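Look at the model below and then follow the questions.

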Amino acid sequence: MATKTVSEFKKKNIYFKISEVLVTMASKPSGFIGLSILVFHILLAFLSPYLAPYDFKAIDPSLMLQAPSSEYWFGTDSLGRDVFTRTIMGGRIALTITFFGSLIALLWGGLLGIFCGLVGGKIDDVVMRIVDAFLSIPWILAMLLIVSLLGTSTEVLIPALGFFYGKGIVRVARAATHDVIAKDFIVSARARGHGNLSIIWNEIIPNVRDAILVEGAMRWSWMLLGFSSLSFLGFGVSPPTPDWGLMISNARGLMSFAYWAVIAPIVGLSSLIIGINLTADAFAKALGIDRSTKAPV
Amino acid sequence: MEKIIQKVKNLSVGFKSQKGKEISILKNITTNIKKGETVGIVGESGSGKSTLALAMMGYVKQGLFTMGGECIFNSSNLLAMGNRELEKVRGRKIAMIPQNAGQSLTPNLKIGYQIDEALKLHTNLNKNERDKKISELLNKVRLPSPETIALRYPHELSGGQQQRVAVGMALAGNPDLLLLDEPTTGLDVTTQAHVLELLNFIAKDTGTSMVYVSHDLGAIAQVSDRIIVMYSGEIVLEGPARDILKQPIHPYTYGLLKSIPKLSLAGLPDSMPGSQPQPGAKTKGCSFYDRCNLAEDKCKKNSPNLEYVSELKTSVRCFNYKKLIEQKSEKQSNIKRNEKNIKINEILNLTDVSISYAKQKLLDQIFNKITDSNPTVKDINIDINKGETIALVGESGSGKSTILKSIAGLLRTKEGNIKFDQDRILSNDLKKRSSGDLRAIQLIFQNPDESLNPNHTVEEILAQPLKLYFGLSGEELKNNIIGLLEKVRLGKFYLARYPRQLSGGEKQRVAVARAFAAKPDVILCDEVTSALDVSVQAAVLNLLQQLKEDFGTTYIFVSHDLAVVRAISDRVAVLYQGRLCEIGPSKNVYKFPSHPYTEVLLGAVLEPDPDIKPKLVAEDIVEDKPPEKGCCFQGRCPRFLGDKCKNETPPWQIGDNGNAIRCHINIKDLEKKQNGN
């Protein structure tokens, strides 16, 4: 072992760690495909307003339900709007809302889960039963209730989605904490007299962080599907904003002869979900490999 | 010439590193196993001993591959066989007994059914014959009432009984060769001695050849006819057990034997510097070069061959073995511990301490009634002097770790109190203890893999107590951390390493440094050396002793290993089922084991000397619960008196030599009886 030099044991900074994880993820085909799809969608969300060939809300009755052509690549919908324009812009709202929604879910779910795992006892029992109770309510019904009471603005959707998708994270974070909590280094910190907050921050979070992040990435894709379902039901974003869920809902009645207006948003939505799922899988694998002891030399 | 049943020829096993380099774990192993002999393979962790044993049954772990050589059994090479052919050999001709029988038995199948499965597979007996055979096998491994044992599930048996069942299952196919991979590691001392005795009996009775793999030279010494010492994937010494143990002519084996603490010798054992090279790290020269005190220039350049020394019938891989033969009659000189006169200045007083794991019922909680009349730990009275090392000794379940935890404040005591520095009663509740009291008592744990946060660097680990207790930061903090590392003989280049980048011994040193960072008065050591290799263990013990002399720290040392306790402690307290049996200065406890339990424990210790056989005085029954009344040891006592022991709690008696025992038999009579044996 004495052959290793001092510099090999320099503490890696966070940017270096992130780039290392990204490289590991991209080195497997599935991870590379997932990352590429995700990056493509994120770039599209940022750039689509500049790339769109037409105005997304321009209605032209004379162009109703045109089949795909060199002029309108994905055809037009029942109001004569360009499907290509609406499809490339349709992920913007969904991505934004679900991204921040996942962050909120991660934060409250993760912290509550860690806290419950650490303190245990009665507090843990009570909190977990409440979480169980919420898990038994069909989330879509509860969401519909919230949305119809408070409206469909972003300020309502993000915290509401964040809340409903954080419940599952509580369980994951709690289980991950239980794995760590029995280890002697926690006992040691307790015996030294560290407080709960210090133990959570210094001892638990570094050890459960990876598991929770991976869970959060998976939740992101579920939340995207959930949000699109809401839009599909008419409780997401309101027209004429382009959104995949809304587009599918509007075009589905005419699906038998104007299939292009449905297929384009479906491809958009499912490719993004597949991209996130593949990325999350690769992310988990990359972190796992990072942790196991590598073979010497 | 005796019949050879397994022939290992030029065997090399290795793996491919991420860079595509082939790295060998076993290098050119050649050895023969003769019919009816027991061969002990000994080495530290990572020496390749288990890989070799597995290769002997034609198994190479996933990720490894055979680089060359063969294992010939019944004139066919096991390593070249297909799975179908191997099935006919494994279990029937060669059987394996794994380390942890509890994990290798299927938890939801009855013992009898599991043995029946083995019999169905390996024999052609019919149902009735198999039933008879099951009883026969269980009888052979000396399990009480085989018929009822056969109907039990694995978890209903104790560790020793599970191991016996595993032995019975391995014997089901009447194998010619038994491979045992650390079969007694993890068992209690008395159980271990019994299992080894059983294995010896079976070896003689059935004439089965055995390959016994262990890191424990004490266990190897009891069973083996021949010993193979492995180091870094090579055989460094091979020969008759007696010669190797009495006169090890390889410097590694010599150092290894010297680093084992022994019951007969007070003081700390010598330690060997350094650690085993990582596989693939070394390409040239002798693999032991870095740690060898006989090393010369040629050892660095050329690797020695295994050379046969005919006068000792031993093969050795060393250029300078003759030097070791010359200095043969050198008496073992252990490092003397500084047994200064300890000032009678008590630092911790445990008075009538009882601890219970039973949950109180709600009503009893309200009325503050104590319900558990039979708590896990009861009536512990120990006064601990400043600067002494007191050891708590006992088998698993004796409550020794429980007592440590309650001193640290991690477990509430039920009755009694713990006084610190003669005047302050330490609070039962960790949160109510003052920062000073918390600082004064520090813990070191058994397994450094668990006690160090894997996501913290050494610097972060050591910074925690310094920040918490002394509020250090910046340059001062860093200097202090470096100072601590130097105290435990690690340099400052360890600062940025993660625990996974350290060896076992280095990790435990970091854990020791963390405890000393708080400048504590008392350090609680919970089995601190039992997860370490012998040579590393000796080094850690020496370090602890050195630090104690430098800082005047008091140690409370918990261990199941009586020889280690002998080496480090000033006073010993022997515990059984959470009750004190005997307490006294260690030299006296070890000289006149007065309490029957101490006698049993000491009798079962395995020494790396073929002439010292363990004395098995008591049955190795495992009791789950201390008896409600009477003496705690009544169930297993070899000197059981009858009703008196059953009903009356024995009184304390103090012997002439200063040790106190709790027994109904007069201490003088006990001593006479024990000397008479």
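Q: Why are H9(A) and H10(A) called oblique to each other?
A: The axes of helix H9 (residues 196–232) of chain A and helix H10 (residues 244–251) of chain A cross at roughly 40 degrees and come within 7 Å. Angles under 35 degrees count as roughly parallel, 65 to 115 as roughly perpendicular, over 145 as roughly antiparallel and the rest as oblique, so H9(A) and H10(A) are oblique. This is a predicted model, in which local features need pLDDT of at least 70, side-chain atom pairs count only at pLDDT 80 or more, and totals for chains, interfaces and linings use all residues. Residues are numbered from 1 along each chain as its sequence is written, while chains are lettered from A and ligands numbered from 1 in the order in which they are written.

Q: What makes residues of H9(A) and H10(A) meet?
A: Two residues are in contact if their C-beta atoms, placed from the backbone, lie within 7 Å. On the H9(A) side these include Leu230(A) and Phe232(A), and on the H10(A) side Trp244(A) and Ile248(A) are among them. By class, this contact has 5 nonpolar, 5 polar and no charged residues (Ala, Val, Leu, Ile, Met, Phe, Trp, Tyr, Cys and Pro count as nonpolar, Asp, Glu, Lys and Arg as charged, the others, Gly among them, as polar).

Q: How many residues of chain A are in contact with chain B, and which helix gives the most?
A: In chain A, 24 residues are in contact with 34 residues of chain B. H8(A) gives the most to that side of chain A, with 7 residues.

Methods: Axes are lines fitted to C-alpha atoms, for helices over the stretch in contact, and angles run from 0 to 180 degrees between N-to-C directions. Helices (H or I, at least four residues) and strands (E, at least two) are DSSP runs, numbered from the N terminus.
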